[in-house]
Amino acid sequence: MKKKEKKKKKINFTEIFEVPKDVILGEAIITLTGKREAVIENYKGIVEYTNEYIRILTKNGVIEFKGSNFNITYLTNEEMKVTGSIIEINY
Amino acid sequence: MILSLWKYMQGYVVIRVRGYSPERFINLCANKNIYIWNVRKIADGYIFCISGKAFFMLSPIAKKTKCRVKILKKIGMPFKFLKVKRRKYFLYGLLISIAAVIMLSFFVWRIEIEGNMKYTTEEITAYLTKENVTIGSFKPKIQCSKLDDQLLSHFNQTMWVSSELIGTKLIIHIREGVESEVIIDDKKPCDIVATNAGTIVSIITRKGTPLVKQGDVVEKDTVLVSGTLEIKELTQLKAVEFTHSDADILLKTKYPYSDTISYQYIERNYIKDQQKTDKALQFFNHRINLLKPKINSMNYDIVEKQKQIEPIKNFYLPIYYMTTTFMIYEEVEKTYTVEETEEILKSRLNLHMEKLEENNIQILSNDVIFKEDKEAFIATGSIYVIEKNGQDKFFDELTRRQGYNEYFTEED
């Protein structure tokens with residue numbers, strides 16, 4: 001219960017002071033370029049990766065990309081870039 | 001583009017990771033700030049690229065995740081260098097050849113002499129050799145301005161000399177002038193003597209006592225104009241003076257001329273088909289023949305062409321490329337006809353007379369007779385000419401004055 005309250009407080013705080021949410025809440029930012037490219041920031045790690053789908057772990061859960069011909073173009077501590085044809089994004 | 005070039009310069013490896021959970025391996029890499037790219041999935045693992053330096057940081061991760069790492073490909077400049085490193089002697093050879101080129105550029109490998117007409121190139125090079133300027137001498141030791149002065153003073157017919165060093169070539173520019181005239185001391189007393197026998201055509205005396213007159217027949221070495229001036233009062237000798245004689249004397253004289261040609265002569269018939277060439281390389285004085293043609297005939301003329309190797313303009317090396325041509329000939333005995341010989345002799349005579357006329361000698365006539373002989377055709381006779389004659393002959397004033405002493409003693 002305490003955790004949930006804390007989180008709510010944080011959300012309120014960010015909304016009042018208009019602070020970027022990714023810094024305070026550690027939310028992932030996904031930038032899509034059409035359906036070919038996706039840049040994911042603030043991720044924690046890769047859970048699974050095949051040619052058809054990628055599951056990426058973030059602070060608030062797993063994001064799943066579905067499509068075909070996936071390829072991770074680069075991968076650093078903060079961000080990663082995925083190319084391929086994306087069909088679905090699931091949370 | 002720039003990024004990929006940077007990656008190439010730094011060098012990277014393509015590796016394959018297999019194991020229980022290769023995803024964890026990638027996550028750990030990302031956590032440790034190891035940059036990886038082009039991650040592709042294969043059946044039981046991943047293939048990705050990683051920089052060469054980062055590759056050495058992978059072993060603890062591989063141990064942790066129990067994955068196996070294998071290098072599939074090495075791409076980039078550092079790996080190319082490694083290959084060269086293995087070829088040590090190739091590298092040494094490269095260094096030695098560069099050093100050799102630098103060393104060779106410190107010496108003179110070619111001497112060119114330009115503008116010499118009277119002095120032969122051999123003459124000048126012989127003098128340069130005496131002055132220690134030869135092919136192969138050390139360049140910084142040659143002082144061009146000093147060399148100019150030396151050449152100018154040694155060869156007195158040169159007007160100016162300028163030498164320069166370009167690359168490994170020493171060029172000497174020479175401009176020749178008229179020979180500085182021999183200054184005759186016109187105060188020293190002298191006689192004028194005939195150099196040829198003949199008849200005096202005219203004599204104009206400016207200084208001295210003329211001893212001959214027009215129409216006189218003189219022998220060789222006859223005194224034509226005496227430098228002794230006898231000062232007389234009536235017939236009495238009063239005093240004696242000595243002067244430098246000066247006169248224009250035209251002498252009619254003859255030059256003997258004879259010429260023969262034998263009817264039989266040997267002509268060389270060059271056979272083009274049997275002509276053979278030999279090519280050779282020459283380093284300093286060592287010669288390496290490349291082709292060694294077999295020459296059957298004993299009769300041949302050798303024509304040799306030498307070309308110095310010049311890899312860069314004006315950078316000559318002491319390597320020569322020689323082409324030798326052996327021109328094989330047959331000796332054919334031939335005979336002239338009488339008419340041919342006469343014609344040849346006549347043309348030779350004309351040539352001779354032209355040469356005489358070039359020397360300011362006026363030709364009057366010739367009585368050259370052409371005669372047929374058994375084996376040869378003979379031309380004999382003499383050429384009659386009018387030439388300027390007379391040569392200064394200096395004498396000692398004191399001894400000549402002694403000769404006159406008796407006149408004066410008598411008088412006293």
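Predicted model: local features only at pLDDT ≥ 70, side-chain atom pairs only at ≥ 80, totals over all residues.
**View 1. The overall make-up of chain A.** Chain A contains two helices and six strands, and along the sequence these elements follow the pattern α-α-β-β-β-β-β-β. Of the 91 residues in this chain, 18% are buried. When contacts between residues at least 6 apart in the sequence of chain A are considered, 27% of them join residues that are at least 24 apart.

**View 2. The side of chain A that touches chain B.** Here 14 residues of chain A are in contact with 13 residues of chain B. On the chain A side, the elements that contribute two or more residues are β3 (43–49) and β5 (61–75), and by class this side consists of six nonpolar, seven polar and one charged residues.

**View 3. Strand pairing between the two chains.** Strand β5(A) pairs with strand β2 (residues 36–42) of chain B in the antiparallel sense, and three bridges connect the two. Within this view, I72(A) can be found opposite V39(B), a residue of β2(B).

**View 4. Helix α6 of chain B.** How many of the 17 residues of α6(B) are buried? The number is zero, so α6(B) lies largely in the open.

**View 5. The two faces of strand β5 of chain B.** In a regular strand the side chains alternate between the two faces of the sheet. In strand β5 (residues 110–114) of chain B, I111(B) and I113(B) make up the covered face, while R110(B), E112(B) and E114(B) make up the uncovered one. Strand β5(B) also pairs with strand β7 (residues 169–176) of chain B, in the parallel sense and over five bridges, and I111(B) has L170(B) as its bridge partner in β7(B).

**View 6. Two asparagines with positive phi.** Most residues other than glycine have a negative phi. Although N42(A) is not a glycine, its phi is positive, at about 60 degrees; this residue lies in the loop between β2 (37–41) and β3 of chain A, and it counts as partly exposed because it has 17 C-beta neighbours inside 10 Å. In chain B, N132(B) is likewise not a glycine and has a positive phi of about 65 degrees. N132(B) belongs to the loop between α7 (121–130) and α8 (144–154) of chain B, and with 10 other C-beta atoms within 10 Å it is exposed.

Notes: Residues numbered from 1 in each chain as written. Chains lettered and ligands numbered in written order. Helix = DSSP H or I, 4+ residues; strand = E, 2+ residues; numbered from the N terminus. Buried ≥ 20, exposed ≤ 12 C-beta atoms within 10 Å, placed from the backbone. Contact = placed C-beta atoms within 7 Å. Nonpolar A, V, L, I, M, F, W, Y, C, P; charged D, E, K, R; others polar. Pairing = 2+ DSSP bridges.
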